[in-house]
Amino acid sequence: MNTRYAPLFEGVQLPNGVELKNKFVLAPLTHVSSNDDGTPTDAEIEYMRKRSNGVGLALTAATNVTDLGKAFPGQPSIVRDSDIEEQRKIADAMKANGAKAIMQIHHGGVQALPSQTATGESAGPSAITMQSFGEPEPHDAREITPEEIDETIKAFGEATRRAIEAGFDGVEIHGANHYIIHQFVSPYFNKRTDKWGEDRYLFAMEVVDEVVKTVKEHGNPDFIIGYRFSPEEPQTPGIDMEITETLIGKLVEKPLDYLHVSLFDVHSTTRDGKYVGIERIELLHKWIGGRMPLIGIGSIFTPDQALEAVESGNVDLLGLGRALLLDPDFVNKIEDGKEEEITNVFDPERADKHELTEPLWEQFYKGFYPVPRKDQ
């Protein structure tokens with residue numbers, strides 16, 4: 001290995017004492033490759049095995065926790081106990097080469113697809129008309145009831161128990177990308193007048209507390225709990241960096257092992273408000289104050305870009321998404337001193353289709369994941 005890249009392979013200790021072998025993280029990418037019932041296909045298992053090879057921490061695709069929460073065709077499921085043994089195949093594949101396997105637990109909220117949910121509807125903090133993943137036309141989502149809110153919080157706990165029983169090393173609570181936890185925090189999506197609207201952070205904190213309680217009851221001290229969030233949204237009024245500052249202040253008081261920011265570009269700057277123009281990752285790292293590692297992600301396609309992000313001092317762990325889709329051996333090639341052989345451009349003519357599942361290849365081909373392309 002070129003010694004200049006050695007910092008990328010330094011171990012990272014999480015607050016619970018677990019040691020990660022390096023700073024690389026497989027990001028949780030929508031692969032639309034599970035069976036219709038949410039069980040893994042053979043192609044999905046092999047895909048997860050390859051993409052987890054080399055990283056210290058590996059995350060599944062967003063895995064659905066309730067019948068009302070399914071947001072993608074081909075989405076993994078952890079809704080029922082019958083899913084445990086099936087998802088164990090994913091956990092085993094992810095851990096095969098030394099990565100810590102993390103299940104990302106998820107509920108689509110108003111972004112759930114009526115065509116995919118058991119009752120043909122979607123629900124979230126407030127009623128809204130939405131156009132979600134692959135929909136040709138918008139759909140009307142209803143307001144979720146207080147009883148359903150309680151059931152959803154418990155569902156995140158039950159999903160955690162199932163992840164423990166399936167052999168995962170941890171869970172990541174999906175509080176980003178306009179899904180249900182994000183929706184409750186957002187003034188754009190949450191216009192309720194009950195306690196869930198008066199305190200827009202309440203739902204997120206209740207979910208975290210439920211997951212923590214479940215781990216204490218069913219897990220062990222080594223079980224990892226992470227939380228993913230989006231720091232700003234384009235809607236007005238929406239989540240801004242001031243809201244995120246408050247959210248971070250609440251999250252760092254919880255017994256979490258890492259926070260994971262969802263960014264398209266790791267160096268993106270704040271859109272507006274009192275922090276306008278400052279790199280989001282810099283602000284987040286400052287607010288976390290070393291209490292737990294921060295996973296940074298976004299537009300990292302080369303070893304030098306990875307090194308620059310880590311050496312900035314604002315990224316404790318480095319999430320790789322599109323880079324590992326283009327080349328599952330990205331990390332191993334750096335470690336083996338073969339960084340010049342890394343594939344970082346999408347080639348629509350490749351015979352091996354970048355070793356992607358067929359549904360994910362189709363998403364790439366159609367441009368769902370923006371990447372450098374050989375044909376452009």
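## Ground rules

Helices here are DSSP runs of H or I with at least four residues, strands are runs of E with at least two, and both are numbered from the N terminus. What you're looking at is a predicted model, so local features need pLDDT of at least 70 and side-chain atom pairs count only at pLDDT 80 or more, while totals for chains, interfaces and linings use all residues. Residues are numbered from 1 along each chain as its sequence is written, and side-chain values use heavy atoms, with hydrogens and water left out.

## The largest pocket

Let's start with the open space. On a 1 Å grid over the protein atoms alone, a pocket is an open set of points with protein on both sides within 12 Å along at least five of seven lines; a cavity is a set where a 1.4 Å probe fits but cannot get out; lining residues have an atom within 4 Å of a point. Grid points are joined across faces, edges and corners, and a volume is the space filled by probe spheres set on the points.

The largest pocket holds about 990 Å³ of space. It is lined by 41 residues, and the closest to its centre are Asn177, Arg228, Ser262, Phe264 and Tyr369. Strand 14 (317-320) and helix 10 (322-326) are the elements that give two or more residues to this lining. By class, the pocket lining has 20 nonpolar, 15 polar and 6 charged residues (nonpolar: Ala, Val, Leu, Ile, Met, Phe, Trp, Tyr, Cys and Pro; charged: Asp, Glu, Lys and Arg; polar: the others, Gly among them).

## The cavities

A search of the whole structure turns up 3 cavities of 30 Å³ or more. The largest cavity has a volume of about 50 Å³, and its lining includes His31, Glu44, Met48 and Gln87. Helix 1 (42-52) and helix 2 (84-95) each supply at least two of its lining residues.

The second largest cavity comes in at about 40 Å³. Helix 4 (180-185) and helix 7 (241-251) are the elements that give two or more residues to its lining, with helix 7 providing the largest share, 3 residues.

## Cores and helix 6

A nonpolar core is a set of buried Ala, Val, Leu, Ile, Met, Phe, Trp, Tyr and Cys residues joined through side-chain atoms within 4.5 Å; buried means under 20% relative accessible area, exposed over 50%, and partly exposed in between (1.4 Å probe, protein chains only). The largest core has 99 residues, and Phe24, Tyr227 and Leu259 have the most contacts inside it. Helix 6 (residues 202-218) gives the largest share of this core, 9 residues. A second, separate core of 12 residues includes Val18, Leu20, Val25 and Ile295.

Among the buried residues of helix 6 are Phe203, Met205, Glu210 and Thr214.

Most residues other than glycine have a negative phi, and most peptide bonds are trans. Thr236 and Pro237 are joined by a cis peptide bond, with omega about -5 degrees. Pro237 sits in the loop between strand 11 (224-229) and helix 7.

Val32 has a positive phi, near 45 degrees, and lies in the loop between strand 3 (24-26) and helix 1. Val32 is buried, at 11% relative accessible area. Glu355 also isn't a glycine, and its phi is positive at about 60 degrees. Glu355 lies between helix 11 (330-335) and helix 12 (358-365), in a loop, and is partly exposed at 31% relative accessibility.
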